[in-house]
Every structure is written in structure tokens, then in C-alpha cells.
Amino acid sequence: MAVLVTGGTGYIGSVTCVKLLQAGEEVVIADNLSNSDISVTDRIKKITGKNFSFYKADVRDKAAMRDIFAKHKIEACIHFAGLKAVYESISKPLEYYDNNIGGTIALLEIMKEANVKKIVFSSSATVYGNNEPPFSEDMEIGLETTNPYGTTKLFIEKILGDLAISDPEWGVMLLRYFNPIGADESGLLGDDPNGIPTNLMPYIQRVATGKLPKLFIYGNDYETPDGTCIRDYIHVADLARGHINAVYRVRTMSGIDIYNLGTGTGYSVLDIVKTFMKVNDIDVPFEYAPRRDGDVVTSFCDPTKAKREIGFTTEKTLDDMCRDSYNFIKKLTN
Ligand code: NAD
Ligand code: UFG
């Protein structure tokens with residue numbers, strides 16, 4: 001029985017496929033390559049020495065997806081596929097609603113047709129909005145999202161919740177990721193978005209490799225110890241491992257469960273920049289810039305539910321995250 005991984009050649013999906021294959025799972029990837037490259041499939045094979053099936057397919061293309069379900073005995077799906085750029089979503093709301101929400105509904109319809117009713121979904125800490133950290137899964141959400149991307153995550157959570165109520169055969173797991181950084185330990189898989197990055201670590205990587213002159217730190221007058229925003233950064237390899245725990249659980253579950261995937265510790269933007277410089281022994285020039293619209297001041301999770309119920313805890317340190325991010329970008333640019 002196979003696990004279908006939509007968006008499996010993307011940043012988090014590719015590292016998750018490595019962990020799934022290393023855990024002995026059969027993997028089928030469906031990705032339209034809109035934000036990833038086919039060469040990722042070779043790199044996954046190189047790291048794991050294992051084979052898997054890859055389909056260049058859009059999850060909204062029902063005929064293509066139906067074909068995949070007909071060819072493989074799929075027992076569960078990890079649904080990563082979607083658009084994720086917060087700022088782009090503000091200027092392209094329809095594309096985001098169509099791809100993320102339309103894509104999820106199309107996938108669920110095909111899963112239902114194929115009688116595959118177990119799904120793990122990539123949600124986001126963004127759904128907590130301006131709640132008071134540490135964020136826990138039982139907090140009320142949906143009072144505010146600050147961009148269409150965040151709204152798609154909120155709506156998809158609601159849709160999956162309604163689906164789970166409609167039929168007890170559905171087992172749905174919502175994973176709320178905090179801030180994934182770092183790269184696969186091999187240095188072959190990591191985060192290097194097209195265009196000028198909007199996320200912190202890819203931007204630091206570009207400055208460290210001389211592709212951009214300096215980092216702009218958005219705001220140094222927040223009510224935090226050093227004045228910069230605080231986030232719960234999680235190593236992508238830890239995050240990927242969390243999906244193994246989730247798949248093991250979702251196989252036999254009925255209904256819906258929500259888990260935070262984070263470390264539970266917050267670090268400031270300055271902490272990240274200083275740690276990156278220290279562990280990699282490299283300068284990252286930066287300057288303070290005005291606050292960025294829509295940024296929450298402090299975001300970190302309560303990770304105890306994931307530990308208690310699916311046995312997930314993180315292992316990597318901030319040093320590991322910064323070292324692996326640089327190792328990846330050095331290899332890519334050499
Ligand atoms: P990514 O862009 O690297 O990976 C997404 C993959 O999905 C890409 O390979 C892309 O080609 C593919 N894709 C997009 N639309 C598709 C479609 N319609 N059909 C098939 N494939 C499609 O992003 P990522 O960082 O790996 O994120 C994976 C998931 O996790 C996304 O749903 C994202 O919203 C969510 N998430 C990411 C973060 C983060 O900071 N990276 C945080 C929280 C949640
Ligand atoms: N930052 C800078 N300079 C930059 C980029 C970012 O100072 O060039 C700061 C931001 O202002 C923020 C922090 O670094 O304080 C982290 O910013 P990111 O853009 O890396 O991450 P966000 O917390 O804003 O959002 C990310 C993803 C969202 C996801 C959220 C929670 O982009 O998709 O984490 O998981 F929803």
C-alpha cells in the first residue's frame with residue numbers, strides 16, 4: 001500500500017518523501033512542478049537509494065489524479081500541493097483560492113471515488129492569527145486572517161472538518177506547521193524559491209552567498225527582548241519526521257485531529273541572523289527597516305499534544321538549522 005504525496009517535489013514534501021522511503025513506505029508523488037524541479041526526484045533517489053513513482057500532475061486535473069489512484073494501491077495521502085507566497089496571494093487571490101481550495105476539493109473528490117479516506121493536510125500557524133502564544137490546538141481560530149493564503153488554510157481546515165463529520169470513514173489530520181527552515185542533512189534538498197525570497201532564511205541564504213547585498217530586518221521596535229519578531233523555527237527534517245508519525249496514526253483513525261508541529265521555543269530575527277553568522281563563520285550584513293504589514297509579533301507553539309498523542313518531538317537545534325541551510329545553498333550555488 002502506498003502513500004500519495006501531493007507537492008512531493010517541493011521543499012517540505014521532498015524531505016518528507018526521503019523520510020517515508022527511509023521508513024520503508026511505498027511513495028507515489030503527484031506534483032505539477034509549478035514551484036519545483038524534476039531534478040528533485042533524482043536527488044531523492046540518490047539520498048535514499050530507493051525507487052518511487054512520480055507523476056507530473058495538477059491536483060485539480062481530476063482525470064490525471066483518477067489515473068494515479070487506478071494505477072496504485074493508495075491507502076493515505078499527504079497533501080502538500082498548493083501555493084504558499086503570502087504577498088503574492090494578496091495580488092492574486094483567485095489563483096490562491098482556485099489552486100489551494102479548488103485543488104483540495106478536487107483531490108478529496110477523487111479520493112472519495114477511490115475509497116481512500118485518510119488524509120494528512122499541511123496547515124499553518126498562520127491560522128492562529130493574533131491569539132496569545134503559546135498557540136495550542138484548542139484555541140479559537142478564524143477571527144482574522146491577514147491574507148488570502150492564510151484564508152485558504154483556514155477554509156480548507158473547515159472543509160476537512162465538515163468532511164470528517166459527514167462520514168466516519170474519513171480520517172483527517174491537520175498539521176499546523178510553524179516556521180520550517182534548514183535542509184536535508186545531505187545538502188541536496190532545501191528551500192530556494194524563485195525570485196526574491198520573502199521568507200527570512202532563504203533571504204539570509206542569498207545574502208550569505210553574495211546574491212543579495214544585505215538583509216532588511218523588518219522592525220526593531222517590537223515589544224520583545226531585542227525588538228525583533230519572534231518565531232518558532234523548526235528544522236525541515238524534524239517537520240518531515242512528524243509526517244511519518246502522522247501517517248502511522250491517520251491510517252487507523254476516524255474523525256479529525258489537529259497537531260502543532262513546532263519546537264515550542266521562540267527565537268527572534270536577530271537570534272537567527274547571529275546564529276547563522278556564528279555557526280557558518282560568515283558575515284550577513286543587515287539593516288533595520290520599517291515593520292512589515294501583517295506580521296504577528298510573537299509566534300510559538302505548545303508542542304505537548306503532538307508529543308502526547310503522536311509521539312512527536314523535535315531533535316534539531318537552531319545551530320543545526322542554520323548550518324544545514326547554509327550547507328544546502330553552498331552546494332546549490334557551487
Ligand atoms: P513548495 O512550494 O516548496 O512545495 C509545494 C509543491 O506543490 C511544489 O512542488 C509545487 O510545484 C506543487 N504544487 C503547487 N500547486 C500544485 C497543484 N495544483 N498540483 C500539483 N502540485 C502543485 O512549498 P513548501 O514550503 O514545501 O510547502 C508545502 C505545504 O506546506 C504548502 O501547502 C504550504 O502552504 C504549507 N506550509 C508551508 C510553510 C512554509 O513556511 N514553507 C509553512 C506552513 C505551511
Ligand atoms: N523577516 C525579515 N526580513 C526578511 C524576511 C523576514 O526581517 O527579509 C522577518 C519577518 O518580518 C518575520 C520573520 O522574519 O518577523 C519571519 O518571517 P517569514 O516571512 O520567514 O515567516 P512568517 O512567520 O512571516 O510566515 C511563515 C510562512 C507562512 C506561514 C507562517 C507560519 O511564510 O506561510 O510562517 O507557519 F504561515
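## Arg176 in its strand

Arg176 sits in strand 6, which spans residues 171–177. The model is predicted. Arg176 has a relative accessible area of 2%. That is under the 20% cut-off, so Arg176 counts as buried.

The side chain of Arg176 makes a polar contact with the side chain of Glu157, at 2.7 Å. Glu157 is also among the residues in contact with Arg176 once neighbours within four places in sequence are set aside. Others in that list include Ser123, Ser124, Ala125, Val127 and Tyr128. Glu137 and Ile141 belong to it as well, as do Ile258, Tyr259, Asn260 and Leu261.

The side chain of Ser36 places an N or O atom 2.7 Å from an oxygen atom of ligand 1. The side chain of Lys84 has an N or O atom 2.8 Å from an oxygen atom of the ligand. Val59 uses its backbone: an N or O atom there is 3.0 Å from a nitrogen atom of ligand 1.

How much of ligand 1 does the protein cover? On its own, the ligand has 830 Å² of accessible area, and the protein covers 95% of this.

## The shell around ligand 1

Helix 1 (11–22), strand 5 (118–124) and helix 6 (148–166) each give two or more residues to the shell. Strand 5 gives the most, with three residues.

In total, 27 residues surround ligand 1. The closest are Asp31, Asn35, Ser36, Asn99 and Tyr149. By class, the shell holds ten nonpolar, twelve polar and five charged residues.

Technical notes: Residues are numbered from 1 along each chain as its sequence is written. Chains are lettered from A and ligands numbered from 1 in the order in which they are written. This is a predicted model: local features need pLDDT of at least 70, side-chain atom pairs count only at pLDDT 80 or more; totals for chains, interfaces and linings use all residues. Side-chain values use heavy atoms; hydrogens and water are left out. Helices (H or I, at least four residues) and strands (E, at least two) are DSSP runs, numbered from the N terminus. Buried means under 20% relative accessible area, exposed over 50%, partly exposed in between (1.4 Å probe, protein chains only). A polar contact is a pair of N or O atoms within 3.5 Å; within protein, one must be able to donate a hydrogen and the other to accept it, and residues adjacent in sequence count only if both atoms are side-chain atoms. Contact means heavy atoms within 4.5 Å. A residue is near a molecule or strand if one of its heavy atoms lies within 4 Å of it. Accessible areas come from the Shrake-Rupley method with a 1.4 Å probe; for residues, only the protein chains shown count as cover. Ala, Val, Leu, Ile, Met, Phe, Trp, Tyr, Cys and Pro count as nonpolar, Asp, Glu, Lys and Arg as charged, and the others, Gly among them, as polar.
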